Amino acid sequence: LDWAADDSAALATPLLAACDAVLHLAARPKPWETHQTVLLNNVAGDCALFSAAADAACGGGGCRRVVYASTNHVQHGATMGPSPESLDSSRHGAHKQSESALASVASPPDPSCFYAVGKLHGENLGRLFARQAGLEVVALRIGWVVAEVNPLHSRWVQDENSREYMRAMYLGHEDCAEIFHRAISRPLPDFSRLGKGNFGIAYAVSRNTRRVFALKDTAALLGYMPEQNVEEFFAGSGEPG
């Protein structure tokens, strides 16, 4: 299904009517995507997906819950180093700041790239469709998860900038599975009520020593405090803490 096509919402509606929830991960996901690429793919696709979910729910179908894959980049502008996939750990992170000083979902957006701007648009689409169409929307601001159990074995984590970024944004496999499971299935708390539906934002980031996000929002919305810490891999690598 081409989510950017004009008829994608109409084609997807009967498919979503048979679902209890949809986990929306589809996107052009790199921070170097151009504005045009984000607009034609991510923004158009997000609108089609939310429209299809709302139509399915209004038709008596089961798809009331949309879990939207957002990104850490929507608040990474102030913390990034020389590029979007880098981080200034000399000033930012739980190893330098108190928990109360870390960014939370109440902090203002600060996108680091056009990809992040598109994801902020998607979050606000979720807010709109929750309020007006009665959807339950959970937006997950995802850190950085790679296929390898040890992230230092990933080809994407080989230079100093990428390693500093991983130390803050790492999302371990176990934390990832638990967060997504709860986002799909857990009843949403009363504070997430919005108009006819529910809307909430949580961070999908592990409990890293150098994290830049306060995880209290994840615990409040999903009833789960991430448990993994990327420093166990860095400690084994001989790199300084």
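Predicted model: local features only at pLDDT ≥ 70, side-chain atom pairs only at ≥ 80, totals over all residues.
When I say that something covers a residue, I'm talking about contact, meaning heavy atoms within 4.5 Å.

Okay, helix α1, residues 8–16. Ser8, Ala9, Ala12, Thr13 and Leu16 are the buried ones there. They span an arc of only 135° around the axis, so they sit on the same side of α1. Turn to the other side of α1 and you find Ala10 and Pro14, both exposed.

So what covers those buried residues? The cover includes strand β1, 21–24, and helix α2, 35–58.

Let's take α2 then, starting with how α1 packs on it. The angle between α1 and α2 is about 45°, and their axes are 8 Å apart. The crossing of α1 and α2 is right-handed. From α1, the residues in this packing are Ser8, Ala9, Ala12, Thr13 and Leu16, and they meet Ala48, Leu49, Ser51, Ala52, Ala53, Asp55 and Ala56 in α2.

Now the other helix that α2 packs with, α3, residues 114–133. Here the angle is about 15°, with the axes 10 Å apart. That makes α2 roughly parallel to α3, because angles under 35 degrees count that way. This crossing, α2 with α3, is right-handed. On the α2 side we have, among others, His35, Val38, Asn42, Asp46 and Phe50. On the α3 side the residues they meet include Phe114, Tyr115, Gly118, His121 and Leu125.

Let me zoom in on Val38, which is found in helix α2. Val38 has a relative accessible area of 4%, so it counts as buried, the cut-off being under 20%. If we skip residues up to four places away in sequence, Val38 touches Glu33, Val43, Phe114, Tyr115 and Gly118. One distance for anyone who likes to check coordinates: Val38 and Ala27 are 11 residues apart in sequence, and C-alpha to C-alpha they are 8.3 Å apart in space.

Back to strand β1 for a moment, because that's the place of His24. Is His24 buried or exposed? Buried, with a relative accessible area of 4%. Its side chain makes a polar contact with the side chain of Asp46, at 2.7 Å. Asp46 has come up already, as one of the α2 residues that meet α3. Leaving out neighbours within four places in sequence, the contacts of His24 are Gly45, Asp46, Leu49, Val67, Tyr68 and Ala69. Leu49 is also a repeat, being one of the α2 residues that meet α1.

Last stop, Ser154. Where is it? In the loop between β3, 136–142, and α4, 160–169. Ser154 comes out at 1% relative accessibility, so it counts as buried as well. What does the side chain of Ser154 have a polar atom 3.1 Å from? The backbone nitrogen of Trp156. Set aside neighbours within four places in sequence, and Ser154 is in contact with Val146 and Glu148.

Conventions: Residues numbered from 1 in each chain as written. Heavy atoms only, no water. Helix = DSSP H or I, 4+ residues; strand = E, 2+ residues; numbered from the N terminus. Buried < 20%, exposed > 50% of the residue type's maximum accessible area, 1.4 Å probe, protein only. Polar contact = N/O pair within 3.5 Å; in protein donor to acceptor, adjacent residues only side chain to side chain. Arc of directions from axis to C-beta. Axes fitted to C-alpha atoms, helices over the stretch in contact; angles between N-to-C directions. Parallel < 35°, antiparallel > 145°, perpendicular 65-115°, else oblique. Left-handed = near helix turned anticlockwise from the far one by under 90°.
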